[in-house]
Amino acid sequence: MLSADFSGVALVAPASVGYTRYSTDGAGAFFARCLLAMVRQAGLDKQEVDGLSASSFTLAPDPVAALSISLGLSPRWLEAVPFGGASAVMALRRAARAVQAGDATVVACIGADGNPRGGFEDLASSFSVASIDAVAPYGNAGPSMPFAHVTRQYIDATGATRADFGRLCVAQRFNASHCAHALLRQPMTLDEYLAAPAICDPLHKLDLVMPCAGADGFLVLREDHAKSLKLPYARVLSVVERHNAYPNEVPVLRGGWELERERLYSQAGREPQDVDVVAVYDDCPAIAFMQLEGIGFCARGEARHLVRERDLRFCGDFPVNTSGGQLGCGQAGAAGGFLGLVEVLRQVTQQAEGRQVRDARLGAATGYGMVVYDRCLGTGAALLEGMW
Amino acid sequence: MVTRYSESMRDLMEASQATGFAMFHCCSCGHRFYPPQSFCPACLAPDVEARSSNGDATVLSTTLIHRSLDRSVPGHRPTYVACVETAEGPSIFAMADLAFAVGSRVRIRLRDGLFHASERTL
């Protein structure tokens, strides 16, 4: 069954701010910078933002409610969306409904996190009860340990090689070299990728994201409102999410995208081949491969052919993670779950500056978040259409 | 690192003392699950118990961890961690003696508060 359509809803003001390796600033400071960048871009007064959707790992001990004080807002609609790498897709889905229903007029969707030294290690070591009981005691390598197993199982099942993963990573690094806020802008070769030291075999250093601080966000409002502000905007064609898909299925070779794909495309009235630009959650490459398969760009287990045959650079014939993704920009906590969708919004509204995908109109962004035990539980995807 | 195991995890380890391994079972519907928790994820009944078993398992994958997040342990040595499918069904992570090939039949034993995978001697 299809859910109600997303007609009349627009996204504007893609923002990526504050990207830095370490910061002792709390998450609130990054929320503030992002909100400021978005209202300036949209030409809105801050008080016109009457909805806030917040995704963060490092806001504690402050609850999300505290953001209304620290950001000086009195919102009619306030929501925590704690889904890590799936945050933006899920924030969009909820914000779009709030705007459609009139519960909010302008919703700021923001993922933001600080990164003090040692912050990532503390977060990863006690991410969930299951991680404390059944993951961290086994080598204490954070999410890299479960993802190393997922990657090995994917390799064994599909025949993908490290060089296949490297093709994606090298293309993303090229894309990052054209993105001002990316922290890793030095292009790399496939040989350099293959020579990187092992961290959690088969994962090596250049398969893994660099934790950092930063924020990403966008505004959700009515389409007629976006038009009246004379802003470049994207329409929401469809958004899907699925949690705990295929529970207990091992090896882990797919996520909820496969269950939701039909809904995603039929609601949008589009096919995978109509998509001009793609963003997939990229911590780590095997997960990115599963997303490309899951939303229909190739058959299950066949992404290795896709990355061999297509050019994934922003100037190529199948642009993927055109800002460099987290592998190029760094992983700013929950902002890592926003970075892809925000970049797709930029691309389909022709605002991607030196890395613009030519004539990009239809974009797909997927999400993957919350490795509570042996895989991420949250999956989602959105299709956005730029109106220009 | 300091482990702060949950009460259910401590129950599972206690039940593992007898034979070396245990798995949570639901007394209402028979579902077997891991990680441990105090109610059944299938039927939500609260009557669950950790039952000891012989720890037979099959290796799904092995990783070699070269770098730990725990900076309080100087000179972290590379550590093998296996992902195994237990005879009871659920998959678990366990320390491993070596890089077991996929499909290897192993035995899981609790040792020094951690599950370990060793070659199964027939």
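# Close-up views of a predicted two-chain model

**Figure 1. The largest nonpolar core of the predicted model.** The largest nonpolar core comprises 180 residues, and those with the most contacts inside it are A:Phe31, A:Leu92 and A:Val220; a nonpolar core is here a set of buried Ala, Val, Leu, Ile, Met, Phe, Trp, Tyr and Cys residues joined through C-beta atoms within 7 Å. A residue counts as buried if 20 or more other C-beta atoms lie within 10 Å of its own, as exposed if 12 or fewer do, and as partly exposed in between, with C-beta atoms placed from the backbone. Because domain 1 (9-118 + 213-228) and domain 2 (128-210 + 235-387) of chain A both give residues to this core, it lies between them. Not counting residues up to four places away in sequence, A:Val220 touches A:Val9, A:Leu11, A:Leu92, A:Ala95, A:Ala96, A:Val99, A:Val107 and A:Cys109, where contact requires C-beta atoms, placed from the backbone, within 7 Å. This is a predicted model, in which local features need pLDDT of at least 70 and side-chain atom pairs count only at pLDDT 80 or more, whereas totals for chains, interfaces and linings use all residues. Residues are numbered from 1 along each chain as its sequence is written, and chains are lettered from A and ligands numbered from 1 in the order in which they are written.

**Figure 2. The contact between the two domains of chain A.** The centres of domain 1 and domain 2 of chain A, taken over C-alpha atoms, are separated by 22 Å; the domain bounds come from an automatic or database domain assignment. In this contact, 32 residues of domain 1 of chain A meet 35 residues of domain 2 of chain A. On the domain 1 side, strand E1 (9-20), helix H3 (87-101), strand E4 (107-113) and strand E7 (213-222) of chain A each supply at least two residues, and H3(A) gives the most, with seven residues. Helices (H or I, at least four residues) and strands (E, at least two) are DSSP runs, numbered from the N terminus. The residues of this side divide into 17 nonpolar, ten polar and five charged, with Ala, Val, Leu, Ile, Met, Phe, Trp, Tyr, Cys and Pro counted as nonpolar, Asp, Glu, Lys and Arg as charged, and the others, Gly among them, as polar.

**Figure 3. Helix H14 of chain A.** Helix H14 (residues 339-348) of chain A is mostly covered, ten of its ten residues being buried; among them are A:Glu343 and A:Arg346. Just after H14(A), A:Gln350 adopts a positive phi of about 60°.

**Figure 4. The contact between chain A and chain B.** The predictor gives the complex an ipTM of 0.95 and a pTM of 0.97. Chain B contributes 30 residues to the contact and chain A 31 residues. Strand E4 (56-65), strand E5 (79-86) and strand E6 (91-96) of chain B are the elements giving two or more residues to the chain B side. Strand E5 (residues 198-201) of chain A pairs with E4(B) in the antiparallel sense over two bridges, pairing being assigned if DSSP finds at least two bridges between two strands; A:Cys200 stands opposite B:Ile65 in E4(B).

**Figure 5. Strand E1 of chain B and its partners.** Strand E1 (residues 21-26) of chain B is mostly covered, with five of its six residues buried. E1(B) runs antiparallel to strand E3 (residues 48-53) of chain B, to which six bridges join it, and B:Met23 stands opposite B:Arg51 in E3(B). Two bridges also join E1(B) to strand E2 (residues 32-33) of chain B, again antiparallel, with B:Arg32 the bridge partner of B:His25. The hairpin of E1(B) and E2(B) has five residues between the strands, and in it B:Gly30 takes a positive phi near 85°.
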